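Hi everyone, thanks for making the time. Let me put the sequence and the structure up on the screen, and then we can walk through them together.

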Amino acid sequence: MLAFILRRLVQSVIVMLTVALVAFALFRFVGDPIASMVGQETTLAERAEIRQALGLNDPFPVQFWTFLSRAVQGDFGISYRLQQPVMELILSRLPATLELALISGIMAFLFGVGFGVYTALRRGNWLSGSIMTVSLIGVSLPTFLIGVLLIWVFAVELQWLPSFGRGETVYIGDWWRTGLLTPSGRASLILPAITLGLYQMTLIMRLVRAEMLEVLRTDYIKFARARGLSNRAVHFGHALKNTLVPVITITGLQMGSIIAFSIITETVFQWPGVGALFINSVRFVDVPVMAAYLMLIALVFVVINLVVDLLYYAVDPRLRVDRASARS
Amino acid sequence: MNMLLTKARSGLLMGVAASALVLTSVAAHSETIRWARVGDALTLDPHSQNEGPTHTLNHHIYETLVGRDIDGSLTARLATEWEISEEDDSVWIFRIREGVTFHDGTPMTAEDVVFSLDRARTPPSGMAALHAAVEDVTAEDDHTVHVRMSGPAPLYVQNLTNTFIMSKAWAEENGVEVAPDFAAGEEAYSVRNTNGTGPYRLVERDPEVRTVLERFDDHWDDTPEVTEIIYTPISEAATRVAALLSGEVDIVQDVPVQDIARLEQTDGVIVSRGPENRNIFFSYDMTSDSLASSDAEGNPFATPEVREAMSLAIDRNAIRQVVMRGESQPSAAPLPPFVNGWTEEMDAFSDPDLDRARGLMEEAGYGDGFTVQLDCPNDRYLNDEAICQALVGMMAQIGITVDLNSQTRSLHFPLIENWETDFYLLGWGVPTFDSQYVFDFLVHTREGSYGSFNGSRYSNPELDEKIQALATMTELEERDALIAEIWEEVMEEHIFLNVHNQVLAYAMRDGINLDVHPENQPHMTTITFD
């Protein structure tokens, strides 16, 4: 067990280093940060001086090494754009993104499973038909367009929900700002959560539906019916239970993508999370923030994969038995 | 007698009208303005960044010695009078307004002005370049400040419209005696905390989310109608417009060109328009022996006939109609109309004359045309990429095959800085409202502080001498004559293939009156309500 965890940890570190290296190599193609940092009156000599002071003229390996040695100590430098320490900036934006990701993940899971079960059980019914069609439209339209459409319908035409921002927020503890405890915060969350979770919802729905159809055809379901169990017990106690294992795995893995791909949703709704921070930083060539953000996303994926691997190990008895017998 | 009576009566009427106004403004307009634009101020430090949106927000909290009015003229703010010393023409004298207090209640004196000007001109302040000619700043008494320049500098006062005055004691107390440094590695106190003399006080600052300002009641000037300002950046154009239409914001400053017409027809929304102090033009490498991106023999842009042919092939009115949907002012010279040195002829341009243009190309020996790459930003100016695309078609008509390379501004501007582009688009604003600024940066040979945006590599020692002379000429009529002379040469050489002046539009809830500011720095104190 310990060897397994250690091996996984070493692999994770290698992944993080690779991401850092690739990200750093890419930054050279994003452009020159100086152009957006100084006014147009600044002389060429002064620009060169700033570039030198920021270490932008150093050779690539030196820049990379400086970044790594600082990052290990948790120091990602100061944002070129907002002049705040990068770690503080990202930590202050993270709660917004995590809340959005969590709520849209939960919504995607609940509605995905619900619709999936319904469409599997009531095949051919007009409602299932329309659910399937609408979900297909939802999954084929780009997130940006869905966001704008939702804003147009619910904010401009109906004026039910706010079109941008996070509403009123309150602090829990020292730095976690939540919008979940205020009415305007909850109202602000609805449209972005739908936009962000629509794709995942469709994915889960189709997965559940396919699995359900598969399971409903198996022999043990027939036996369950033969035993005279109620529909309810058969559908939810036996069929759904057995479809959920792959669904939970997928949902867990998708959480990483929800956090990473919240960039577009956050931009459309002016949601003050790390995704919007990243986009603004790219526009400004704010290298310290970009580097820290990419490392953070890599970390999220690495941790989720690590946890999933450990869960497999815990859940799958065969894995443990094999190891044990191999050792003896 | 009769005159007097009329005057008295109208005075009385005015008084009644004014009290009525006061009544209604108290009843209906204890007003909060929710103001949205594309990006946030980068910092609240008064000297750290020389950037438009940063200055615009800071103008509400801090004040400058002189201000810029809607028509481009200077107004008295913290300085009540300014003049060049009679004894020594390299000294500027500023009389500082009395009875001004900072938001923390301390009075503002000449000491604070001296401190602020020194802070602004010391690197890493972003404002340092505007004060490069300052030798020293001294307080003569509590309300007089002398600024000694390295030589006569008749235009120096024009550089002060964005240099804010801060409290010396407050800066020292909080360890921000110098502007924050990017390389320092920690956040300065002044980035998110303020103590200015402006008409509004900072209540809440949440960068990129929300900034709240409330009216400062001890301000020296007239009390503005707006009592509270809530400033929210909304980066996505569609969301910004939606927020206005749904009534969640009152003013949208950066209205996308394609939405202006639609917004004007929407009930409850009005659009305020005006010229911006920014000109859009193309320029090209005029001096290299050959062009890196071209298949042509030699450098076609070095040939005056080719440059003239291009100016005959560009259809500025078509760009205005099709690309800008009517929202631009086509012109022939890279100079907005309110800038000193502008003449009406500068806006005049001949209609496209393709036959003559082709003839000129033939004469120059490029009858079969040539290929060249055009570098264009796609996120800096209004419809910048679309303007470049339009030019591609127009140049094709005279045989110039343009290969368009449009990219983000952080990749585009270094090309001009490093002389790595043969043909490019650039926009230029003139914050000093004087032609010299254009010549210094775009026409003068690149050396020292001159010519940093001269991507044409144009170099004319005679012209350089004239440009340098402008800086110290105190006789304004002579100076204007010299400016005209320089412009004539610049236009004749076709250094710029000019397109238009940008037009600004602000959209707002019906009932709000706010004029467009040429520097795109709207001031919420100028808002009135119907």
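A word on the terms: helices (H or I, at least four residues) and strands (E, at least two) are DSSP runs, numbered from the N terminus.

Before we go on, please keep in mind that this is a predicted model, in which local features need pLDDT of at least 70, side-chain atom pairs count only at pLDDT 80 or more, and totals for chains, interfaces and linings use all residues. Residues are numbered from 1 along each chain as its sequence is written, and chains are lettered from A and ligands numbered from 1 in the order in which they are written.

Back to Val285(A). Its phi is near 55 degrees, which is positive in a residue other than glycine. Val285(A) is also buried, with 23 other C-beta atoms within 10 Å. The cut-offs here: buried takes 20 or more other C-beta atoms within 10 Å of a residue's own, exposed 12 or fewer, and partly exposed is in between, with C-beta atoms placed from the backbone.

Trp419(B), not a glycine either, has a positive phi of about 55 degrees. Trp419(B) sits in the loop between helix 12 (409–417) and strand 18 (423–428) of chain B. Is Trp419(B) buried or partly exposed? Trp419(B) has 14 C-beta neighbours inside 10 Å, so it counts as partly exposed.

Now chain A as a whole. Chain A has 14 helices and two strands. The C-alpha trace of chain A spans about 85 × 70 × 35 Å along its principal axes, and 37% of its 328 residues count as buried.

On to where the chains meet. The contact takes 42 residues from chain A and 43 residues from chain B; contact means that the C-beta atoms of two residues, placed from the backbone, lie within 7 Å. Which helix of chain A gives the most to the side that touches chain B? Helix 7 of chain A does, with five residues. By class, that side of chain A has 23 nonpolar, 15 polar and four charged residues. Here Ala, Val, Leu, Ile, Met, Phe, Trp, Tyr, Cys and Pro count as nonpolar, Asp, Glu, Lys and Arg as charged, and the others, Gly among them, as polar.

Next, the strands of chain B. There is an open sheet of four strands in the order 5-6-8-7, with antiparallel pairing; two strands pair if DSSP finds at least two bridges between them. Its edge strands are strand 5 (79–84) and strand 7 (134–141) of chain B, each of which pairs on one side only. Strand 5 and strand 6 (residues 91–96) of chain B pair over five bridges, and Glu81(B) stands opposite Arg95(B) in strand 6.

Helix 3 (residues 110–121) of chain B lies across strand 6, strand 7 and strand 8 (144–149) of chain B, and runs at about 170 degrees to strand 7. For that angle, axes are lines fitted to C-alpha atoms, for helices over the stretch in contact, and angles run from 0 to 180 degrees between N-to-C directions. In the loop between helix 3 and strand 7 of chain B you find Pro124(B), and the peptide bond from Pro123(B) to Pro124(B) is cis, with omega near 5 degrees.

Further along, strand 10 (residues 200–206) and strand 11 (residues 210–215) of chain B pair in the antiparallel sense over six bridges. Their hairpin has three residues between the strands, and Glu208(B) there takes a positive phi near 70 degrees.

An automatic or database domain assignment gives the bounds, and it divides chain B into domain 1 (34–224) and domain 2 (276–503).

Thanks, and over to you!
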